[in-house]
Amino acid sequence: MRESQSARTGRRRVLQTAFHLLYRFGGRGYDPLVRVLFGSAWDEWRTATIPWLDQDPVLDLGCGTGVLLAQLSHLGIRSLGIDGSRSMLTAAHQRGARPLVRADAYALPLRGRSIGACVATFPAPYILERAALDEVARVLRPGGRFVVLLGGAPSRPPGSLIRWLLRLAYGDQREIPVPKPSLLSHELLPGSWQLLELPAGQAVIWLAQRRPDAHGVSPESSE
């Protein structure tokens, strides 16, 4: 039986509230929980963004517990983590991720054209808002990449209890749906969706590139 729109909307709201509370207060428990739910797939999906992050410095927007920052540092790629959650930044700091800044996506404390690439992995709904996309466009250099790992579908089925919890949260999806291009559309950040087939499962990534402004100059707003 096909799920109704109201059921999908209700499930999405419950899921967003649960993740918001976890993200705000559960820094220590975040990584263990996603390992229980998704096994190694979560790390594999996140790592899949790295080939597009070769233009430093890299801004990890919503850096969470700093796992990707640590990977980039190990590869010698300069990076900066920004997150609005004190709990997540504490966990990232304990991991050794540096530098870290507490801020939100609507007012990035960065100069215009100061970032080579911006990445957001499993971001909260802020990533869909125009104000956040405007800020990404402002801080990226022309030609800089904007990479968003929106979601994934694990290929290895979890245990029955975990499978039931995932179905309750995400619905009965065997393959991850590719969103419409309009979901992250911005005139200065043209891009397209990439559906990756990885050993741990499918991942859907938005890959965009900062376009020069009309006169070939990007804004240089200060903090």
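# Notebook: a predicted chain

I began with confidence: the protein chain has a mean pLDDT of 82, with 74% of its residues at 70 or more, pLDDT being the predictor's confidence in each residue, from 0 to 100. I note that this is a predicted model, in which local features need pLDDT of at least 70 and side-chain atom pairs count only at pLDDT 80 or more, while totals for chains, interfaces and linings use all residues. Residues are numbered from 1 along each chain as its sequence is written, and side-chain values use heavy atoms, with hydrogens and water left out. I marked residues 216–223, where pLDDT stays under 50; for this stretch the model has 20 contacts beyond four places in sequence, a contact being heavy atoms within 4.5 Å.

I took helices (H or I, at least four residues) and strands (E, at least two) as DSSP runs, numbered from the N terminus. Two strands pair if DSSP finds at least two bridges between them. I found S1 and S4 parallel and joined by 3 bridges, with aspartate 60 opposite valine 119 in S4. S4 and S5 also run parallel, and 6 bridges join them. Here cysteine 118 stands opposite phenylalanine 146 in S5. From S4 the chain passes through H6 to S5 in a right-handed β-α-β crossover; right-handed means that, with the strands pointing away from the viewer, the path from the first strand over the helix to the second runs clockwise.

I then looked up burial, where buried means under 20% relative accessible area, exposed over 50%, and partly exposed in between (1.4 Å probe, protein chains only). S4 is mostly covered, with 7 of its 7 residues buried.

**Entry: helix H6**

Why is H6 largely enclosed by the rest of the structure? I find that 7 of the 10 residues of this helix (residues 130–139) are buried, so the rest of the structure largely encloses it. The buried residues are Ala132, Leu133, Glu135, Val136, Ala137, Arg138 and Val139. They pack against strands S1 (58–61), S4 (115–121) and S5 (140–154).

I located glycine 84 in the loop between S2 and H5. Glycine 84 is partly exposed, at a relative accessible area of 46%. Neighbours within four places in sequence aside, glycine 84 is in contact with Arg102 and Ala103.

Serine 85 lies in the loop between strand S2 (79–83) and helix H5 (86–95). Is serine 85 buried or exposed? Its relative accessible area is 6%, so I recorded serine 85 as buried. A polar atom of the serine 85 side chain lies 3.1 Å from the backbone nitrogen of methionine 88. In H5 the buried residues are Ser87, Met88, Leu89, Ala91 and Ala92. After H5 comes glycine 96, with a positive phi near 95°.

**Entry: serine 40**

I placed serine 40 in the loop between helix H2 (27–38) and helix H3 (41–47). Serine 40 counts as exposed, at 51% relative accessibility. Its C-alpha is separated by 9.2 Å from that of proline 154, 114 residues apart along the chain.

**Entry: cysteines**

How many disulfides are there? With a disulfide taken as a pair of cysteine sulfur atoms within 2.5 Å, I count 0 disulfides. Cysteine 63 is buried, with a relative accessible area of 7%, and cysteine 118 counts as buried at 0% relative accessibility.

Terms used: Polar contact = N/O pair within 3.5 Å; in protein donor to acceptor, adjacent residues only side chain to side chain.
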